[in-house]
Amino acid sequence: MDAVYAMAHALHRMHRELCYGYPGLCPKMANIDGKELLSHIRAVNFNGSAGTPVVFNENGDAPGRYDIFQYQSTNRSTREYKVIGTWTNKLHLNVEAMKWRAGDPSLPASVCSVPCRMGERKKIVKGVPCCWHCERCEGYHFQASEFSCELCPYEQCPDANRTGCQNIPIIKLEWHSPWAVIPVFISMLGIIATTFVIVTFVRYNETPIVRASGREMSYVLLTGIFLCYAITFLMIAAPDVGVCSFRRIFLGLGMCFSYAALLTKTNRIHRIFEQGKKSVSAPRFISPASQLVFTFSLISVQLLGVFVWFAVDPPHTFVDYGEQRTQDPAAARGVLKCDISDLSLICSLGYSILLMVTCTVYAIKTRGVPETFNEAKPIGFTMYTTCIIWLAFIPIFFGTAQSAERMYIQTTTLTISLSLSASVSLGMLYMPKVYVIIFHPEQNIPKRKRSFKAIVTAATMSGKLQKGGDRPNGEVKTELCESMETNTSSTKTTYVSYSNHAI
């Protein structure tokens with residue numbers, strides 16, 4: 001209706017200007033120019049059917065007239081539109097009548113996209129260049145610009161705001177860590193016990209038990225046991241060139257001392273009784289000096305390997321950023337280490353393990369030797385137990401290679417395994433002797449001497465006792481006793497001093 005009236009008012013104004021006083025359509029309006037009529041339409045001004053003025057602006061647009069609604073919840077828990085304002089050339093808004101979802105009376109921001117926070121990049125919405133989504137820089141990425149994230153260098157991680165990178169903290173095994181306290185405590189107990197045994201042996205150096213156990217080899221073995229305990233402190237100490245050098249030297253040296261000495265002992269026992277089966281003469285190279293030469297020859301192989309290692313790859317430290325590179329960059333840590341890889345570690349311990357296995361083989365071969373003549377059985381029990389310890393060590397050590405706490409678990413496992421190996425040797429081979437020396441000195445007295453032939457015959461007949469399946473045990477035992485008496489009465493053979501523990 002207002003549009004029809006607007007056209008009528010425009011034509012009336014044009015007729016008044018062009019055909020003033022002329023009834024009807026005059027010749028000037030015979031051919032109406034649309035542009036001229038448009039100017040008259042834009043100039044109209046009258047009250048419309050709704051009682052509001054009908055006017056047009058310079059662009060030909062009518063003024064807006066709008067009711068503003070808001071979708072609100074009512075007291076009846078229903079939702080409906082409520083008028084909260086109008087628009088007639090300007091805004092008339094009743095702010096108090098407005099309600100928001102959270103009950104907050106403050107006006108929400110009316111923007112296409114809010115500014116991104118620090119550490120977030122803008123991801124432009126396709127087709128709407130002035131709008132974007134904010135995307136956080138994840139992982140080890142930082143905000144390089146308003147629209148991009150970049151990866152930090154390998155030894156760095158994003159800072160708290162993710163606007164730059166910072167160095168990853170470097171850690172090492174601390175003395176107060178539970179992973180270090182337990183191995184250190186075990187090592188200190190072991191060092192105290194080993195020192196006590198050494199002092200006891202030195203104090204009673206000339207007594208029969210100490211002499212019979214082979215003083216020279218005992219001190220070599222005790223030195224190896226002491227080094228097995230002491231390596232714990234080097235493994236936990238803060239890595240530097242000096243510490244890394246000592247780790248290389250002493251990591252396998254303590255085991256090498258121990259098992260080289262035990263191998264020499266078991267080999268000597270084996271050769272003595274094997275020789276006795278063939279002849280009554282003693283085998284060669286069974287003197288203490290020969291044993292020491294043989295033992296230190298075995299140890300020199302380990303030292304030679306270490307010196308070659310020094311020449312090929314000088315010791316140094318490095319920071320391992322991959323071991324504790326967690327999903328959360330804030331928890332990432334670099335681990336300060338010596339340049340001893342798992343392969344180098346196994347190579348360093350491999351020779352000692354080879355000595356241990358060889359010693360175990362000899363311990364098995366000499367298990368049938370009479371207990372009254374040597375240490376074969378205690379050595380055998382020691383080697384069996386030690387093999388079990390190291391068989392348990394291997395899966396634990398290599399099974400934790402992918403763990404975030406790899407450094408702690410492997411260091412603790414290695415040091416405790418070394419300490420347990422030393423404790424087994426110390427407990428089975430020396431604690432019984434120390435107990436006798438201190439609490440039963442009446443047993444620490446010289447025994448009567450017996451010929452080498454008598455000893456070998458006893459060992460041979462003892463083997464018959466174990467194998468005598470075709471004769472009654474009593475008959476074999478009688479034969480053993482008769483043989484012992486016969487050989488004991490022979491005084492033309494070389495006598496060898498013995499005790500209840502060793503030849």
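**Note on the predicted model**

1. Leu 107 is found in the loop between strand S5 (91–93) and strand S6 (120–125); helices (H or I, at least four residues) and strands (E, at least two) are DSSP runs, numbered from the N terminus. At 55% relative accessibility, Leu 107 counts as exposed (buried is under 20% relative accessible area, exposed over 50%, partly exposed in between; 1.4 Å probe, protein chains only).

2. This is a predicted model, in which local features need pLDDT of at least 70 and side-chain atom pairs count only at pLDDT 80 or more, while totals for chains, interfaces and linings use all residues. Residues are numbered from 1 along each chain as its sequence is written, and side-chain values use heavy atoms, with hydrogens and water left out.

3. A search of the whole structure finds eleven aromatic pairs (ring centres of Phe, Tyr and Trp, the last by its six-membered ring, within 6.5 Å; planes under 30 degrees apart are stacked, over 60 edge-to-face, the rest tilted). The rings of Phe 201 and Tyr 430 are edge-to-face, with centres 5.5 Å apart and planes at 75°. This pair links distant parts of the chain, 229 residues apart: Phe 201 belongs to helix H3 (residues 178–203), and Tyr 430 to the loop between helix H11 (406–429) and helix H12 (431–439). Phe 201 is buried at 0% relative accessible area, and Tyr 430 is buried at 1%.

4. The charged end of Lys 433 sits over the ring of Tyr 430, 5.8 Å from its centre (NZ of Lys or CZ of Arg within 6 Å of the ring centre and within 35 degrees of the ring normal).
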